[in-house]
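Subject: Structure handover

Hello,

Here is the structure I promised to pass on. Please open it alongside this email.

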Amino acid sequence: MSLRLHDSATRSDRELVPLVPGRVSIYLCGATVQGAPHVGHLRSGIAFDVLARWLRRRGLEVTLVRNVTDIDDKILTKSTEAGVPWWAWAYRFEQEFTAAYDAVGVGRPTYEPRATGHVTEMVALVDRLVERGHAYRGEGANVYFDVRSFPEYGGLTRQLLENMSTLDEEEAGDKRDPRDFALWKTPKDGEPASAAWDTPYGRGRPGWHLECSAMAHRYLGESFDIHGGGIDLRFPHHENEVAQSRAAGYGFAQHWMHNAWVTVGGEKMSKSLGNSLVVSAVLERVPAVVLRFALGTVHYRSTVEFSEDSLAEATSTWERLSGFVTRAVERVGQVPAEEVTGRPISALPPAFVAAMDDDLNVSAALAAVHEQVRTGNNALTAGEDSVVWQAQLQVRSMLDVLGLDPLAAPWATAAGADDAAREALDVLVPVVLAERADARRTKDWARADALRDQLQAAGIIIEDSPDGARWQLGTRGGR
């Protein structure tokens, strides 16, 4: 395989060599369902969706596990403040995350395990670490990982133990070292009794880091190919995962991939900064496909600056690409979906394949898409229908890898969701266009421009050509 991906552990691009030929196993850190998803939460989902799509296009079988953290301190605190059972609170926002992923076309993972469903596996891992001398009991039900017992601790993030922060862990007098982290935790005063489990160490609940190691082992085995997540998880979460998994004797992840943040005004999008943008609110004013385009066509290791300007640019580019597909279908018909999704990489433009194989370089891949669009548009003008057909096939096949084929779900479903409204537009818009054409013939340019602006304000894009004006649906306000 010639696919090279950046490995966060070695800080170098490495060829992906699956542990099992023909199969790739991926563990992706999913959501802590403490509240509604904001735009920043979608970044990793989209980035690893593109990875999975490219691997499958390369003929590989992909097993993708994305966990749900449905119990932690913040979930318990917020649910208590709201007067709602913690499990109901978690489930509500788990559903909102699922809806957000679905809206932007992120495929469902192979498995999506909840932390609360794998306590047995977590306790077994704690037992193993205690037996091997890497964990110890504190007060009550507390069990801690002994970072000094594992000489490789800090290797993932290349930090010396003495320089490490302990801000992620609460101060506790029963630790041997303030940098030791909790595997199992004694419930706090006031926490609901249902948020704890009986174990040989006492009644308690899991530490945050423990769950991912336990679930990765459960679904992917002792060693797997890729571990992914946001760059903010590298320390302490992923560092602690590596330590407890390898201390337990497991090979764990062979390759680490981390996506960069989404920023607003140069600051990381997060609830703590007060600049989070809830997905459901954003989708009330931004088409879901444009949101995916804005987040998914920037290299996964580069920061996405989320702004009105970036959304306007995404809107313009999307309308250019989808507009070509619409014109091509009108001219030569629709290429069957099975030809689009089944097109082998050997038949895709070499520049696109090279870009995707170069650590998922989506910017360079889009350049290849635009080149095919130019070819297709020239063929439309020249009346070369066979070239138009091939250009539609290539453009849609490449966009399919990026999750952006205009004629695939969910975009095709969204485009045809209201057939009655479309039929009404098919009657009304030509009337306005005819009036505009009359105004242009009589050189009433002010009237012609006013009619065009009215259509654009309604989200209807007008394209003038020697054969007359044609229209398509775009984004309201002409953005």
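This is a predicted model: local features need pLDDT of at least 70, side-chain atom pairs count only at pLDDT 80 or more; totals for chains, interfaces and linings use all residues.

The hairpin

Start with strands S1 and S2. S1 covers residues 4-7 and S2 covers residues 12-15. The two strands run antiparallel, joined by four bridges. Together S1 and S2 make a hairpin, and four residues lie between them.

Arg11 sits in that turn. Its phi is positive, about 55°, although Arg11 is not a glycine. That deserves a second look, because most residues other than glycine have a negative phi. Arg11 is partly exposed, with a relative accessible area of 45%.

You will find Leu360 in the loop between helix H11 (350-357) and helix H12 (362-382). Is Leu360 buried or exposed? Its relative accessible area is 3%, so Leu360 is buried. The cut-off for buried is under 20%.

Gln244 in helix H6

Helix H6 spans residues 234-247, and Gln244 is part of this helix. The relative accessibility of Gln244 is 0%, so this residue counts as buried. Which side chain makes a polar contact with the side chain of Gln244? Ser213 does, at 2.9 Å.

Neighbours within four places in sequence are left aside here. Gln244 is then in contact with Leu125, Leu129, Phe145, Phe181, Leu183, His209, Leu210 and Ser213.

Cis peptide bonds

Two peptide bonds need checking on your side. Most peptide bonds are trans. Phe235 and Pro236, however, are joined by a cis peptide bond, with omega about 5°. Pro236 is in helix H6, the helix that also holds Gln244.

Ala409 and Pro410 are likewise joined by a cis peptide bond, and omega there is about 0°. Where is Pro410 found? Pro410 is in the loop between helix H13 (385-401) and helix H14 (411-415).

Those are my notes. Over to you.

Best wishes

Methods
Residues are numbered from 1 along each chain as its sequence is written. Side-chain values use heavy atoms; hydrogens and water are left out. Two strands pair if DSSP finds at least two bridges between them. Buried means under 20% relative accessible area, exposed over 50%, partly exposed in between (1.4 Å probe, protein chains only). A polar contact is a pair of N or O atoms within 3.5 Å; within protein, one must be able to donate a hydrogen and the other to accept it, and residues adjacent in sequence count only if both atoms are side-chain atoms. Contact means heavy atoms within 4.5 Å.
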